[in-house]
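Look over the model below.

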Amino acid sequence: MLVSHDPDLPLHLYPPKQPLQVEVLRNERLTPEDSAQDVRHVVIRWPKGAFFFVEGQSVGIAPPGLNSRGRPHPPRLYSVASARDGEDGDGQTLALTVKRYVYADESGQLCQGLSSSLLCDAQPGDLLPMTGPVGRDLLLGAAPQPLILIATGTGIAPFRAFLQQLQRTADPRPVWLFQGAQTHADLLYAAEWQRWQSDAAGRHWRTACSREEALPSGSRRYVQHALADQAEALWPWLVPGAAESQQAQIYLCGLRGMEQGVLEVLGQLAAERGFPADAFVSDLRTTGRLRVEVY
Ligand code: NAP
């Protein structure tokens, strides 16, 4: 597996001025039709040999046309949700996990994000301009250390790529996957995680559904609370001084707000066991054991 400084890491094969034309193969809705969230699993294909990426990287999709300043729209980045051999295992496909972005403009009128609606409305056979790959921070480490993966919403995408790669390479490292969504129906790829968890030992999937579950205080239960609930099971992988092979790599992906919540839980977990919270968290960062991609 590649690491961030590896010269073989594919980067910027297609810059914004020279995108690769890719074809939409499938577009499946992941959330129920009656969910307020329209999230899609969009599979695209390129000519064999024209594109490479590794798990944890992103690609860009730029909508056609010009912005209000007469310039081409910049590409919007999406994490690849497939392992490097491709969504279909053919080396020429990848999947993106795309939520239709809806917002109110200054006049209060509802508008849709250009890139997300381009992808969410894409039909098989459509051609799209793709840039990338980019990203060297969220790569799957080569060492067979345990993984703690923490996602909110569409932030699950790179972890799907990780788990697909571990599965395809028969990598037995233990994994805890924590997933946050508003409702159970909005837990993306839930059926895949159920199968994944029951297929082998050492795989754990825990969820937090903020609009259906509450803390004793009455506030919403978030993914960091699901993490806190597993403190005893996780601590042997977190305790300072544990053998290197036992030290978990922690990855966070999703909403910006989750970062602080997760760091507080990790710090509290350490403090309750006699380790200063700040030093514990900053050590996780400086040693590269904590990787964060939030927006
Ligand atoms: P979402 O559905 O709005 O939220 C997912 C869950 O996170 C909800 O349960 C939400 O709870 C909860 N949440 C809200 N604030 C939180 C906090 N402070 N701590 C912990 N949980 C919190 O998420 P989304 O719209 O899919 O957004 C996902 C984010 O991931 C976006 O920022 C996106 O840019 C980013 N991302 C996307 C990709 C991709 O490839 N598509 C890749 C990487 C990252 P409530 O709403 O009930 O408060």
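## Ligand site

A backbone N or O atom of G257 sits 3.2 Å from a nitrogen atom of the ligand. This is a polar contact, meaning a pair of N or O atoms within 3.5 Å; within protein, one must be able to donate a hydrogen and the other to accept it, and residues adjacent in sequence count only if both atoms are side-chain atoms. Side chains take part too. In R211, a side-chain N or O atom lies 2.5 Å from an oxygen atom of the ligand. In Q224, a side-chain N or O atom lies 3.2 Å from a nitrogen atom of the ligand. The ligand has 24 residues around it, and K99, S210, R211, R220 and Y222 come nearest. Here a residue is near if one of its heavy atoms lies within 4 Å of the molecule.

The model is predicted: local features need pLDDT of at least 70, side-chain atom pairs count only at pLDDT 80 or more, and totals for chains, interfaces and linings use all residues. Residues are numbered from 1 along each chain as its sequence is written, and side-chain values use heavy atoms, leaving out hydrogens and water.

## The parallel sheet

Five strands form an open sheet in the order β11-β10-β9-β12-β13, with parallel pairing. Its edge strands, β11 (203–209) and β13 (290–294), each pair on one side only. On average, neighbouring strands are turned by 10 degrees against each other, direction ignored. Helices and strands are DSSP runs numbered from the N terminus (helices H or I, at least four residues; strands E, at least two). Two strands pair if DSSP finds at least two bridges between them.

β10 (residues 175–181) pairs with β11 over seven bridges, in the parallel sense. Within this pair, A181 stands opposite C209 in β11. Helix α3 (residues 190–199) lies across β10 and β11 and runs at about 145 degrees to β11. Helix α6 (residues 257–271) also packs on the sheet, touching β9 (147–152), β12 (249–254) and β13. The direction of α6 makes about 150 degrees with that of β12. Axes are lines fitted to C-alpha atoms, for helices over the stretch in contact, and angles run from 0 to 180 degrees between N-to-C directions. Contact means heavy atoms within 4.5 Å.

## Helix α7

Which residues of α7 (residues 277–286) are buried? They are F280, V281 and L284. These three cover an arc of only 90 degrees around the axis, so they lie on the same side of α7. The arc is that of the directions from the helix axis to the C-beta atoms. Their cover includes α5 (231–238), β12, α6 and β13.

The face of α7 turned away from the buried side carries the exposed residues D278 and T286. Buried means under 20% relative accessible area, exposed over 50%, and partly exposed in between (1.4 Å probe, protein chains only). After α7 comes G288, with a positive phi near 75 degrees.

T31 is in the loop between β1 (20–29) and β2 (39–45). T31 is buried, at a relative accessible area of 4%. A polar atom of the T31 side chain lies 2.5 Å from the backbone oxygen of Q37. The T31 side chain also reaches the backbone nitrogen of V39 at 3.1 Å. Not counting residues up to four places away in sequence, T31 touches Q37, D38, V39, A185, D186 and L188.

β2 and β5 run antiparallel, joined by seven bridges. V43 stands opposite A95 in β5. Strand β5 (residues 93–99) is mostly covered, with six of its seven residues buried.
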